[in-house]
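Here are my notes on this one, jotted down point by point. Have the viewer open while you go through them.

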Amino acid sequence: MTCGGYLLYLLAHRLFLPGAPLSALGPELLIGYICAVAVMLSLLPTIHFRLLTSVLTLIFLPYAAYLLLAAMYQLPVGYLAWTPMFVVLCFCILGWRLGAVVTGSLLTAMLCGLWLLRSAPPARLDAWLSLSVMLLALTLVCALITRFVEKRLLIGHQASLQLAAARMDALTGVMGRAAAENFLTQGLQLAHQERLPLSLLICDIDNFKAVNDRYGHPVGDAVLKSAARRLRRQTGNDGQVGRWGGEEFVAILPGMAKPEALVLAERMRKAISSQDLAGLSVTASFGVAAYRSGDSIADLLERADQRLYEAKNGGRNAVRG
């Protein structure tokens, strides 16, 4: 946007003022200044909000100082025509509150310059006053628009959070069944289109009914929460964990072939059985299935469920695939 504005300035200067020299402190200096800052920011691996705010402040301070110097020593003022760009950028990047603070400081500098220019020719005073009024109007418009956009974005973000919360299992914090089914559907579509592997684990807490009957549902809930945390920790970024129902969980692993999924299932089994869950010694059984060309969700679930059944019948606390 800045470079485009500069090219437009050069074109207009060539058309309407062909004999007039370019201001040495006009757009040329501004373009070089902003480009230097842009290059510095592009070299950073990540940009944090505080750092960005500090950089923008460093941009603003020399500019505000130049406004005062221009007023005191009657320096070339071609530079000042680009001031509205700073106002718009401040609101776009900093938001309406911080943008209002920064642009308010800029307007204060402009008013100080107007006071310092009180002995200047009337035409110069009028131009400076016109620019100050224009910046004030632009500040108000940008503040109103930015505040409206931020409010709408906040409402949308809150709605997204509510939707995400509705799709999560309230007890364990992992995906609920509907969300897990949707994620599995997307994974199957991707595996079919891109010919990628996909694996599905079904985990069932062994003898969970006995835990509920003997220790009560609060303890049973604590066992489920602890089990879900360990499953999610072992899965990491390799996939998603969901609660399928009761004491049954699934782990959906896009891009993971069956051998790796069996290794992961064994790690999950050890993570659950090696340490007590909610103060109880608990084990889990796992069934593992991998995507085959043409599989539906029902096909994949059926094979994983069959492997789980084998693990249960084989003495529990086992992995079958």
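1. Start with the loop that runs between helix H10 (297–313) and strand S5 (319–320), where Arg316 sits. This is a predicted model, so keep that in mind for the backbone angles here. Arg316 isn't a glycine, yet its phi is positive, at about 65°. Most residues other than glycine have a negative phi, which is the reason I flagged this spot.

2. With 27% relative accessibility, Asn317 is partly exposed.

3. Stepping back into helix H10, we get to Lys312. Is this lysine buried or exposed? Lys312 counts as buried, because its relative accessible area is 19% and the cut-off for buried is under 20%. Setting aside neighbours within four places in sequence, its contacts are Asp204, Ile205, Asp206 and Ser285. Two of the names on that list are aspartates, Asp204 and Asp206.

4. Next, Thr172, in the loop that links helix H5 (122–167) to helix H6 (177–194). At a relative accessible area of 6%, Thr172 is buried. Its side chain makes a polar contact of 2.7 Å with the side chain of Asp169. Which residues does Thr172 touch once neighbours within four places in sequence are left out? They are Leu224, Lys225, Ala228, Arg232, Arg243 and Phe249.

5. Beyond four places in sequence, Arg177 is in contact with Arg243 and Trp244. A polar atom of the Arg177 side chain lies 3.4 Å from the backbone oxygen of Trp244. For all that, Arg177 is partly exposed, at 41% relative accessibility.

6. On to helix packing. Helix H8 (residues 217–235) and helix H9 (residues 258–273) have axes that come within 9 Å and cross at roughly 145°. The crossing of H8 past H9 is right-handed. On the H8 side the contact is made by Arg230, Leu231, Gln234 and Thr235, and on the H9 side by Leu264, Arg267, Met268, Ala271 and Ile272. By type, the residues of this contact come out as 5 nonpolar, 2 polar and 2 charged.

7. The protein chain has 10 helices and 5 strands. Of its 321 residues, 39% are buried. Taking contacts between residues at least 6 apart in sequence, 66% join residues at least 24 apart.

8. Last, a word on confidence. Mean pLDDT for the protein chain is 78, with 69% of residues at 70 or more. Where does pLDDT stay under 50? One such stretch is residues 24–28, for which the model has 12 contacts beyond four places in sequence. I'd read those contacts with the pLDDT values of that stretch in view.

Notes
Residues are numbered from 1 along each chain as its sequence is written. This is a predicted model: local features need pLDDT of at least 70, side-chain atom pairs count only at pLDDT 80 or more; totals for chains, interfaces and linings use all residues. Side-chain values use heavy atoms; hydrogens and water are left out. Axes are lines fitted to C-alpha atoms, for helices over the stretch in contact, and angles run from 0 to 180 degrees between N-to-C directions. Helices (H or I, at least four residues) and strands (E, at least two) are DSSP runs, numbered from the N terminus. A crossing is left-handed if the near helix is turned anticlockwise from the far one by less than a right angle, and right-handed if clockwise. Contact means heavy atoms within 4.5 Å. Ala, Val, Leu, Ile, Met, Phe, Trp, Tyr, Cys and Pro count as nonpolar, Asp, Glu, Lys and Arg as charged, and the others, Gly among them, as polar. Buried means under 20% relative accessible area, exposed over 50%, partly exposed in between (1.4 Å probe, protein chains only). A polar contact is a pair of N or O atoms within 3.5 Å; within protein, one must be able to donate a hydrogen and the other to accept it, and residues adjacent in sequence count only if both atoms are side-chain atoms. pLDDT is the predictor's confidence in each residue, from 0 to 100.
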